[in-house]
Amino acid sequence: MKMAALCSEFGDLVQIKKQLISVISLCKERGLLHSAKWASELAFALNPLPKNELPPSSPFTEEDAQDLDALTLAKSYFDLKEYDRAAYFLKGCCSQKAYFLYMYSRYLSGEKKKDDETVDSLGPLEKGQVRNEALRELRVELSKKHTAGELDGFTLYLYGVVLRKLDLLKEAVEVFVEAIHTLPLHWGAWLELSNLVTNIEMLKSLSLPDCWIKDFFMAHMYTELQMIKEALQKYQNLIEAGFSKSTYIISQIAVAYHNIRDIDQALTLFNELREQDPYRIDNMDTFSNLLYVKSMKPELSYLAHNLVEIDKYRVETCCVIGNYYSLRSQHEKAALYFQRALKLNPRCLGAWTLMGHEYMEMKNTSAAIQAYRHAIEVNKRDYRAWYGLGQTYEILKMPFYCLYYYRKAHQLRPNDSRMLVALGESYEKLSQQLEAKKEQLEHAEVSTALRYLGQYYFKNKLYDEASLCAQRCCDYNDAREEGKALLRQISQVRDQIETPSADLFAPLSNNTPVRRVSPLNLISFTP
């Protein structure tokens with residue numbers, strides 16, 4: 001199927017809509033459901049097309065006709081997750097569509113067996129070296145086809161995934177870029193590529209097609225690389241270009257505000273998203289992080305109950321319930337739900353990091369270290385995991401180790417005061433006084449101001465503002481105890497005025513535990 005590459009000005013929304021409708025069909029035929037969903041949500045945000053403007057079906061070749069019966073049968077098995085059975089009936093088929101589904105079925109069969117072995121035999125914290133045994137065979141076969149120039153855009157995408165899973169990252173990047181040039185509208189290939197881009201220099205070095213979807217990719221990458229100002233500008237441009245109704249863009253902007261700790265703006269956007277799409281589960285774990293930071297127990301409880309009613313076996317639902325229990329200082333139960341999330345998806349970055357936090361709360365440093373390390377394996381850009389490892393080794397009184405991890409966190413979040421303060425304290429413990437002073441001098445006046453403001457807001461019953469200042473105090477040695485004390489006071493006042501909410505997950509004791517605040521909170525605030 002030929003897809004004209006549109007420029008970034010989005011001059012023809014009708015043509016974009018046609019392209020989206022076409023790629024939705026192509027992705028569905030191949031079982032690429034997440035890419036089909038993304039394109040469908042984007043198409044829904046654009047005006048409907050009249051009947052005479054609807055794009056024609058994709059061309060039907062002689063090979064497609066020959067493979068039709070086998071492909072129809074195999075796809076029915078594939079949809080029921082009978083991957084080996086689907087692959088068996090597709091073996092020997094000649095069409096591009098059948099070949100992709102044949103290879104994709106083999107890949108997913110290996111992934112399913114790997115995940116089953118990981119969960120059933122070893123548990124999420126001891127996954128060992130369980131591998132998808134099909135990967136090496138798939139790589140050999142796809143490599144031959146690639147050399148012969150016989151892979152289409154979808155099969156190039158699958159080849160890139162196989163290479164990434166085998167840790168052949170340089171080759172994977174090259175193949176994903178080739179897949180994007182061959183089929184620019186397949187969002188899954190862009191998303192896989194985004195997971196391999198480690199910094200802005202690498203992003204700038206990529207040769208990307210001049211297609212309108214590139215703007216969505218760049219906005220996503222800016223968010224991932226913590227270039228939030230640039231990301232927000234990109235998303236604003238997309239809204240003005242005609243995508244103002246896109247729930248995907250609203251969710252991405254909310255995540256961007258979450259990343260820069262503009263909590264109120266992020267909460268407003270998530271509430272707007274819930275109104276437009278009340279049964280949405282995507283990104284609700286991020287929403288729950290915000291409610292956790294603001295100590296909004298009734299709202300977090302309501303969100304958890306609501307998601308359980310929609311789908312209690314989703315990763316996001318488990319993470320929301322985990323945050324709910326963590327806010328109630330029931331850390332064992334919180335860790336249990338993060339473990340459940342990882343049984344559903346062992347590559348869930350947020351669950352690994354959050355579980356590390358809970359193990360730290362329970363003083364289980366070895367389990368916390370394992371959890372944080374798994375988070376970094378999933379995404380080396382996760383500054384929270386690097387920072388968590390630094391704190392863990394700080395508790396273990398191993399300053400050289402914690403300095404290394406704090407440096408990594410600081411590289412990812414250069415403007416985050418927590419990283420600067422942690423670095424300064426580490427240098428101080430290692431008697432590197434000059435380095436320590438560079439980090440700490442600029443914060444002396446800030447901590448004094450935060451203590452004063454926290455008390456001022458508390459006296460005037462502005463508890464949200466007081467809580468914000470108190471949590472920021474926890475970033476500073478000279479203000480940490482005062483910040484914790486103020487947070488306890490705020491929690492006690494809120495518990496007195498709060499209406500108790502029902503808990504469907506477990507019976508509650510009569511005394512709601514006071515929240516224990518530590519620097520391990522998922523989000524803390526910076527100047």
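When I say that two residues meet, I mean a contact, with heavy atoms within 4.5 Å. Hi everyone, and thanks for coming. Please keep in mind throughout that what you see above is a predicted model.

Let's begin with the whole chain. The protein chain has 27 helices and zero strands. Of its 527 residues, 55% are buried. If you take the contacts between residues at least 6 apart in sequence, 61% of them join residues at least 24 apart.

H19 covers residues 349-361 and H20 covers residues 365-378; their axes come within 8 Å and cross at roughly 165°. How do H19 and H20 run relative to each other, parallel or antiparallel? An angle over 145 degrees counts as roughly antiparallel, and H19 and H20 are therefore roughly antiparallel to each other. Their crossing is left-handed.

Which residues make up that contact? On the H19 side you can find Leu349, Trp352, Thr353, Met355, Gly356, His357, Tyr359 and Met360. They meet Thr365, Ala367, Ala368, Ala371, Tyr372, His374, Ala375 and Val378 of H20. Sorted by type, the residues of this contact are 11 nonpolar, five polar and no charged. As you look at the spacing along each helix, remember that an α-helix has 3.6 residues a turn, so residues three or four places apart point the same way.

A word on annotation. In the model, residues 349-382 are 79% helix and 0% strand, with the end C-alpha atoms 8 Å apart. Residues 247-280 are likewise 79% helix and 0% strand, and there the end C-alpha atoms are 10 Å apart.

Here is a second pair for you to hold next to the first. Helix H11, residues 213-224, packs with helix H12, residues 228-243, at an angle of about 150°, and the axes are 7 Å apart. H11 and H12 are therefore roughly antiparallel to each other, and their crossing is left-handed. From H11, the residues in contact are Asp215, Phe216, Met218, Ala219, His220, Tyr222 and Thr223. Their partners in H12 are Ile228, Glu230, Ala231, Lys234, Tyr235, Leu238 and Phe243. This contact divides into nine nonpolar, two polar and three charged residues.

Next, a few loop residues. Asn345 sits in the loop between helix H18 (331-344) and H19. Is Asn345 buried or partly exposed? With a relative accessible area of 32%, Asn345 is partly exposed. Asn345 and Val315 are 30 residues apart in sequence, yet their C-alpha atoms are 6.8 Å apart in space.

Arg261 belongs to the loop between helix H13 (247-259) and helix H14 (263-276). Its phi is near 65°, a positive value in a residue other than glycine. Buried means under 20% relative accessible area, so at 8% Arg261 counts as buried. Asn283, in the loop between H14 and helix H15 (284-293), has a positive phi too, near 70°.

Where does H26 lie, and how many of its residues are buried? H26 spans residues 463-473, and eight of its 11 residues are buried, so this helix is largely enclosed by the rest of the structure. Those buried residues are Tyr463, Ala466, Ser467, Cys469, Ala470, Gln471, Arg472 and Cys473.

Note on methods:
Residues are numbered from 1 along each chain as its sequence is written. This is a predicted model: local features need pLDDT of at least 70, side-chain atom pairs count only at pLDDT 80 or more; totals for chains, interfaces and linings use all residues. Side-chain values use heavy atoms; hydrogens and water are left out. Axes are lines fitted to C-alpha atoms, for helices over the stretch in contact, and angles run from 0 to 180 degrees between N-to-C directions. Helices (H or I, at least four residues) and strands (E, at least two) are DSSP runs, numbered from the N terminus. Angles under 35 degrees count as roughly parallel, over 145 as roughly antiparallel, 65 to 115 as roughly perpendicular and the rest as oblique. A crossing is left-handed if the near helix is turned anticlockwise from the far one by less than a right angle, and right-handed if clockwise. Ala, Val, Leu, Ile, Met, Phe, Trp, Tyr, Cys and Pro count as nonpolar, Asp, Glu, Lys and Arg as charged, and the others, Gly among them, as polar. Buried means under 20% relative accessible area, exposed over 50%, partly exposed in between (1.4 Å probe, protein chains only).
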